[in-house]
Amino acid sequence: MTVETHRDQSLLQSGVPLSEAAGVIIVLHGRGGSAEDILPLGEALGGPQFAYLAPRAANHTWYPYSFLAPLEQNEPWLSAAFKRVQSIVQLANASGLSADRIVISGFSQGACLATEFVARYPGRYGGLIAFTGGLIGPLDSDLTHVGDLANTPVFFGSGDPDPHVPWLRVQQSAEVLKQMGADVALHRYPGMAHSITAEEIESARQDVLGLSLQEKQ
């Protein structure tokens, strides 16, 4: 896998055209997942006024090792993944959607990528939704990031224990983003499998978008 392969992968889109959308939800799949699998998650989060974008990672993975591995072990793929997400944000910007109308979301490896992206490229986003994920780096690393998230609404939800994402890392990530000025909601689900539940989706809709699933019925 080369650095450029994320860029060369397809981008799936649903919902209204970007030029007509009230906002856009970018959804990032996990390791072994696909854009086709994750796009319905975005659609479940938003409403009829949103556009939904789901990029595909090369070989179904954004980076080869655990998100807790030394950062250099996941390079150059990790940097390529950030560039891919940044290019999608720029695509939305070019269609007239400012950052505060862009929600970045993901599951598992995609949630880690989404969280780290928002921390590395801070600003007032429409929101961050991280289903079972957190900031990237070894357990003993300094997770501090500099920048102002300007009350960006953030949802963290995860099972505890989770086989891939320690609850401590989710907590640490929530605290780092709070210190950067985000409005963070943290949800712990004891015994939940490595998955996404309807309860999580409902909470994320309310915490980040101010929406209820009842509005979709």
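Predicted model: local features only at pLDDT ≥ 70, side-chain atom pairs only at ≥ 80, totals over all residues.
Helix packing comes first. Two packed helices can be summed up by the angle between their axes and the distance between those axes. For α3 and α4, the latter spanning residues 109–120, the angle is about 75° and the axes lie 10 Å apart. That puts the pair in the roughly perpendicular class, because angles of 65 to 115 degrees count that way. On the α3 side, the contact involves Leu78, Ala81, Phe82, Val85, Gln86 and Val89, and these meet Leu113, Glu116, Phe117 and Arg120 of α4. Sorted by class, the residues in this contact come out as seven nonpolar, one polar and two charged.

The second pair is α2 (35–45) with α6, which covers residues 198–209. Here the axes come within 9 Å and cross at roughly 55°, so α2 is oblique to α6. From α2, the residues making the contact are Leu41, Ala44 and Leu45, while α6 brings in Ile201, Ala204, Arg205 and Leu209. Six of the contact residues are nonpolar, one is charged, and there are no polar ones.

The largest pocket in the model has a volume of about 270 Å³. Its lining is made up of 17 residues, and Arg31, Ser108, Gln109, His164 and His194 are the closest to the pocket's centre. Both α2 and α4 feature here, each supplying at least two residues of the lining.

Leaving aside residues up to four places away in sequence, Arg56 touches His6, Gln9, Ser10, Leu12, His29, Ala35, Glu36 and Trp62. Phe67 is buried as well, with a relative accessibility of 5%. Phe67 and Gly137 sit 70 residues apart along the chain, yet their C-alpha atoms are separated by 6.0 Å. Besides Gly137, the residues that Phe67 touches, again not counting those up to four places away in sequence, include Cys112, Gly134, Leu135, Ile136, His164, Val165, Pro166 and Arg169. One of these, His164, is also among the residues closest to the centre of the largest pocket.

How values were computed
Residues numbered from 1 in each chain as written. Heavy atoms only, no water. Contact = heavy atoms within 4.5 Å. Axes fitted to C-alpha atoms, helices over the stretch in contact; angles between N-to-C directions. Helix = DSSP H or I, 4+ residues; strand = E, 2+ residues; numbered from the N terminus. Parallel < 35°, antiparallel > 145°, perpendicular 65-115°, else oblique. Nonpolar A, V, L, I, M, F, W, Y, C, P; charged D, E, K, R; others polar. 1 Å grid on protein atoms, 1.4 Å probe; cavity = no way out; pocket = protein on both sides within 12 Å on 5 of 7 lines; lining within 4 Å. Points joined across faces, edges and corners; volume = space filled by probe spheres on them. Buried < 20%, exposed > 50% of the residue type's maximum accessible area, 1.4 Å probe, protein only.
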